[in-house]
Amino acid sequence: MNTNASYSLSRFLIHLFFTVVSIATVLPFLLVVAVSLTDEKALTERGYQFIPSDFSLNAYRYMLDSPDILFRAYGVTILITVAGTLVSLLVTAMTAYVVSRRDYRYNRITTFYVFFTMLFSGGLVPSYILITQYLHLKDNLLALILPILLSPFNIMVLKGFLSKLPIEVVESAKIDGAKELGIFFKIILPLSTPALATLGLLISFAYWNEWFNAMLYIDDPNKVPLQLLLVRTLNSIEFITTNSEFAQQLGIDLSDFPNNSARMAIAVLAGGPMLVIFPFFQRFFVKGLTVGSLKG
Amino acid sequence: MLDEPVTKTHSQVGGRREPAARTEKKKSALRRELSHLRKNRELFLLSLPGILYKLIFAYLPMVGLLIAFKNYRYDLGIFGSKWVGLDNFKFLFTTDTAWRITRNTVLYNVGYMLITTVAALLFAVLLNEIRAKWTRFYQTALFLPHFLSWVLVGYIAYAFLNHSDGFINRMLISLGMEPISWYQDSGPWPYILILVHLWKAIGFTTLIYFAGIMGISGDYYEAARIDGATKTQMALKITVPLLTPLIIIMLILSVGSMFRGDFGLHYFIPNNSGFLYASTDIIDTYVYRALREVGNVSMSAAVGFYQSVVGFVLVLLANGIVRRINPDHSMW
């Protein structure tokens, strides 16, 4: 009995611990939402609070009255996410399949060639000069897709999965007269759908949350993806108040503009939807680590 | 098969036998290589896009490291710009900049690594003690910050820290205390950054270790229970030792990237405030500013060169050490 009681007590303490930690983890999100829903005057009077003292949808009304900028940013982000993920998945799968074939004479050297780029890199400046001066991709959406197209880590993960496929599959297909390309596209790709789905999710997540390359390469307001819109708004709310295009589009009297709440409203509108969608796929994020071990 | 007769005629014709034979050997090796390639041409073709991509986007920039030794001018290009030897590095190491950003980068990474690993191990062990339904619930909550980009985390930090209206300062005022100029006072930033990093990374790292615990055979615990071991003993004597390979892999990965700082964390959470550089600036943010805000390409390239080379040495060292201790755990 005694051990039972201490057992349930320790369980209770564990639950208490995780309840407190979970609440502490989630609360910060709520502050942003609460601020976006508070009247601007109340914000300057009482500061940011978890419970809006004066509930108001003004910030969202301002944003959604002329939502062009936000919609365009969504458009750019969706475009680079879809295009980037498809191309990235294909190239990753092709490379990973080749290095997973133990009977392929150049598999070790190809693996080294890919893996080495994970250990040593030219760094920011040479890449920046390559993309702006030699490839002329400034203000080109390709500059958002290409730099993160092929991650050695993803290749290694997929390689781990592919090397577990029985080699007999390939051999028997060869006996039936299939060519390597045919084997890859008609047999290997369909067989690896689960791994590809997981990897595709990780890649699309990376594209969706990409801001670094956008900061480096995108100036054209028409090509600003969501995350860059957020960067600019965070760095200075003056981006909105001094960007005449934005102000005109919003058709607002700037003196009356809800600075604080609008800033948080942009954060909610830009970050909210994915924060609701991604957690549904949480288990795939874990699976991404276990589909293959790093050491092939 | 076709090679043989040809070889024979050649060695018969050639008076000096050996060199001819050697070139023949070379030739046939080359031919064998080519025939291998021909046989595997479709596999090679499949890997070609990846190879070309890495050539352009990973190997060409390595050549660009030369910029660190040049006075780079956009109009002259990499090869047209003048060589300046180590001049770009001189500035860096005569001021205290190099020391400051190196210290910050390494110390923060060590701090993040230790605190996150210990906390995640603890969380994972505790989660293992409660029912799966609840585990999943807590994991989802802990995992939420992982889905945010650093930019969005910047908004959250701003909502708390903003000087005039931020949540913390208003709380301080209502408690009768002085508000703190968070974005101007560099003192508290090491704690803030470590807390924010822990908040964002703990869910993911816990999941990694939890998955590791799930992979441990139940037999061990069964045997321990029969022997009358307590839960704490099981955690310390079974779970942690069996997780060691995983912990080591995670540690090497982070030692290897000790010189690569988390740009997003150190750029957006302090809101790139100049007052805070003493305690928030890391190599990555410095390189970015030198390139994009100051516009000094050569200086930026010099710091980048330093980061690439030392980072590479660290990876080799880390792997070498691990291989010496236990070859099974090394990455190659």
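**Notebook: chains A and B, predicted model**

I began with residues 301-322 of chain B: the span is 100% helix and 0% strand, and its end C-alpha atoms lie 31 Å apart. Helices here are DSSP runs (H or I, at least four residues), strands likewise (E, at least two), numbered from the N terminus. The model is predicted, so I note the limits: local features need pLDDT of at least 70, side-chain atom pairs count only at pLDDT 80 or more, and totals for chains, interfaces and linings use all residues. Residues are numbered from 1 along each chain as its sequence is written, while chains are lettered from A and ligands numbered from 1 in the order in which they are written.

**Entry: record annotations, chain B**

I looked up the UniProt features next. The unreviewed entry gives "transmembrane region" at residues 43-69, 106-128, 140-161, 191-217, 238-259 and 301-322 of chain B. Positions are in the numbering used here, feature names are shortened, and annotations may be inferred rather than shown by experiment. I checked residues 140-161 of chain B: 73% helix, 0% strand, with end C-alpha atoms 26 Å apart. UniProt (unreviewed entry) also lists "domain: ABC transmembrane type-1" at residues 102-318 of chain B. That stretch is 75% helix and 0% strand, and its end C-alpha atoms are 18 Å apart.

**Entry: record annotations, chain A**

For chain A, UniProt (unreviewed entry) places "transmembrane region" at residues 12-37, 73-99, 111-135, 141-162, 183-208 and 264-286. I took two of these spans. Residues 141-162 of chain A are 68% helix and 0% strand, with end C-alpha atoms 32 Å apart. Residues 183-208 of chain A are 96% helix and 0% strand, and their end C-alpha atoms also lie 32 Å apart.

**Entry: domains**

I read the domain bounds, which come from an automatic or database domain assignment. Chain B has domain 1 (1-60) and domain 2 (87-329). The centres of these two domains of chain B, taken over C-alpha atoms, are separated by 49 Å.

Chain A splits into domain 1 (2-66 + 236-284) and domain 2 (68-217). Their contact takes nine residues from domain 1 of chain A and seven residues from domain 2 of chain A. I use contact for two residues whose C-beta atoms, placed from the backbone, lie within 7 Å. On the domain 1 side, helix H15 (244-250) and helix H16 (259-277) of chain A are the elements that give two or more residues. That side divides into seven nonpolar, two polar and no charged residues. The classes are: Ala, Val, Leu, Ile, Met, Phe, Trp, Tyr, Cys and Pro nonpolar; Asp, Glu, Lys and Arg charged; the others, Gly among them, polar.

**Entry: chain A against chain B**

How many residues of chain B are in contact with chain A? I find 67 residues of chain B in contact with 71 residues of chain A. Helix H3 (residues 41-63) of chain B gives the most to the chain B side, with 15 residues. That side holds 48 nonpolar, 14 polar and five charged residues.

Axes are lines fitted to C-alpha atoms, for helices over the stretch in contact, and angles run from 0 to 180 degrees between N-to-C directions. Angles under 35 degrees count as roughly parallel, over 145 as roughly antiparallel, 65 to 115 as roughly perpendicular and the rest as oblique. A crossing is left-handed if the near helix is turned anticlockwise from the far one by less than a right angle, and right-handed if clockwise.

*H4(A) and H11(A).* The axes of helix H4 (residues 68-100) of chain A and helix H11 (residues 193-208) of chain A come within 9 Å and cross at roughly 140°. That makes H4(A) oblique to H11(A). The crossing is right-handed. Residues of H4(A) in this contact include Gly84(A) and Ser88(A), and those of H11(A) include Gly200(A) and Ser204(A). By class, the contact has eight nonpolar, eight polar and no charged residues.

*H3(A) and H16(A).* The axes of helix H3 (residues 58-65) of chain A and H16(A) come within 8 Å and cross at roughly 65°. The two helices are therefore roughly perpendicular. H3(A) passes H16(A) in a right-handed crossing. I listed Tyr60(A) and Met63(A) among the H3(A) residues, and Ala265(A) and Leu269(A) among those of H16(A).

*H15(B) and H16(B).* The axes of helix H15 (residues 283-294) and helix H16 (residues 297-325) of chain B come within 8 Å and cross at roughly 160°. That makes H15(B) roughly antiparallel to H16(B). This crossing is left-handed. The contact has eight nonpolar, three polar and no charged residues.
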